[in-house]
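Welcome! Have a look at the protein below, and then let us walk through it together, one part at a time.

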Amino acid sequence: MQPAWVNRALLVCAAAAACLALPATASAHSRTTTVALDYHLTVDQKPRLLEVSILDGDRAVRLHVPTGHVVVVLGDLNEPMLRFDQGVWVSESSPTAQANRLIGRAGSGWHKLSGGTMYAWHEHRLAPPPYGSGRPGAVARWQIPVLVDNRHATIGGAFVRVSRPSALLWLGGVALVVALGIGALRFRPVSGTVTAGVGAGIAALVAQTAFSLRDSPGGHAAWLSIGISAVVGAVAAWLLAVGRGTRRAYIAGAIGAGVAALTLSWLGVFLHGAVISALPAFPMRLVCAVALAGGLLALAGSLSVRVEAT
């Protein structure tokens, strides 16, 4: 029977691993845990005085209108949808505003959304076309009509197809590392398990932070997610520091199990070309692969140590 201290440590560590998954789940309102897409969106057409950027996994638009100008964003039916005029207003009679979930039920008049000069919203007209075979590059265009001081203009750009990575190569590499690591764990099960758990935890923190920095539809970092991840990492590090002997392997295994479960929501980085993170695509895939392989190794190592201790 395991000491009570071990059971308590495992319980705390499992709770910590669950907390580590919370940032990804809590932030799902903006991009529904989407971490990668097949397309990247560009902006190459806009009125000179406007600042336009694409956010939120290439599905949201952020528009900044200088003070003193009035801009009306038109919907699918060429109806007024948003108005930037001493604040940001939404037309409650706009079908496009309802489709973009800017309003609930249809009504009449204008409803104020913000008192500033910048606003970001989910825009269904940025939904990319179905992925097809062919060379990477611009494959289609998107456009949003606007009125700038009562003059017709257009905000537009292109859907740029990004080559998909070799999922077989990445996931096969993870499987190979895990297989070789399990063989090495037979010689140093405790230290090897702890090393794998620490590596998985660090990689998971880096990945979670990189995803969170691109998570907010308002274009700001999701600091709550980053803060929770940092606290969880500190708790896990403390548990490993105070643990002794095989107990450290049990704790590392619990950390690895939590990290491995969390990386399941990141598998899209191995399947799609455009990764939605603060890091470039290749380093992000590498970090996620380290987290997955390290997590599985730590879990396997803790199970082997448990068997030897009985």
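## Overview

A residue counts as buried when its relative accessible area is under 20%, as exposed when that area is over 50%, and as partly exposed in between, with a 1.4 Å probe and only protein chains considered. By this rule, buried residues make up 45% of the 310 residues in the protein. The model is a predicted one, in which local features need pLDDT of at least 70 and side-chain atom pairs count only at pLDDT 80 or more, while totals for chains, interfaces and linings use all residues. Residues are numbered from 1 along each chain as its sequence is written, and side-chain values use heavy atoms, with hydrogens and water left out.

The protein has 8 helices and 12 strands. Both kinds of element are DSSP runs numbered from the N terminus: helices are H or I with at least four residues, and strands are E with at least two. The accessible surface comes to about 15200 Å², and 63% of it belongs to carbon and sulfur atoms; such areas come from the Shrake-Rupley method with a 1.4 Å probe, and for residues only the protein chains shown count as cover. A contact means heavy atoms within 4.5 Å. Among contacts between residues at least 6 apart in sequence, 66% join residues at least 24 apart.

## Strands that pair

Two strands pair if DSSP finds at least two bridges between them. Strand β10 (residues 137–148) and strand β11 pair in the antiparallel sense over 11 bridges, and L147 has H152 in β11 as its bridge partner. Strand β11 (residues 151–161) also pairs with strand β2 (residues 39–41), again antiparallel, over 3 bridges.

At 34% relative accessibility, D149 is partly exposed. R101 has a positive phi too, of about 60°, and is likewise not a glycine. You can find R101 in the loop between α3 (95–99) and β8 (110–114), where R101 is exposed, with a relative accessible area of 77%.

Helix α4 (residues 167–185) has 19 residues and reaches 27 Å from its first C-alpha to its last, close to the 27 Å expected at 1.5 Å a residue. The expected span is 1.5 Å times one less than the number of residues. Which residues of α4 are buried? They are W170, V174, V178, G181 and L185. These residues cover an arc of only 75° around the axis, so they sit on the same side of α4; the arc is that of the directions from the helix axis to the C-beta atoms. The face turned away from the buried side carries the exposed residues L168, L169, L176, A179 and L180.

G173 also lies in α4 and is partly exposed, at 30% relative accessible area. G173 and A293 are 120 residues apart in sequence, and their C-alpha atoms are 9.0 Å apart.

## Nonpolar cores

A nonpolar core is a set of buried Ala, Val, Leu, Ile, Met, Phe, Trp, Tyr and Cys residues joined through side-chain atoms within 4.5 Å. The largest one has 35 residues, and those with the most contacts inside it are A207, F211, W266, V269, M284 and C288. Helices α4, α5 (189–212), α6 (223–242), α7 (246–263) and α8 (281–309) each supply at least two residues of this core. The largest share, 9 residues, comes from α8. Leaving aside neighbours within four places in sequence, A207 is in contact with W266, M284, V287 and C288. Apart from this core lies another, of 27 residues, among them I54, V71, V73 and V88.

In α7, 13 of the 18 residues are buried, so the helix is mostly covered. The end C-alpha atoms of α7 are 26 Å apart, which agrees with the 26 Å that its 18 residues should span at 1.5 Å a residue.

V290 is found in α8 and is partly exposed, with a relative accessible area of 39%. Not counting residues up to four places away in sequence, V290 touches G199, A200, A203 and G295. The C-alpha atoms of V290 and A200 are separated by 6.3 Å, although these residues are 90 apart along the chain.
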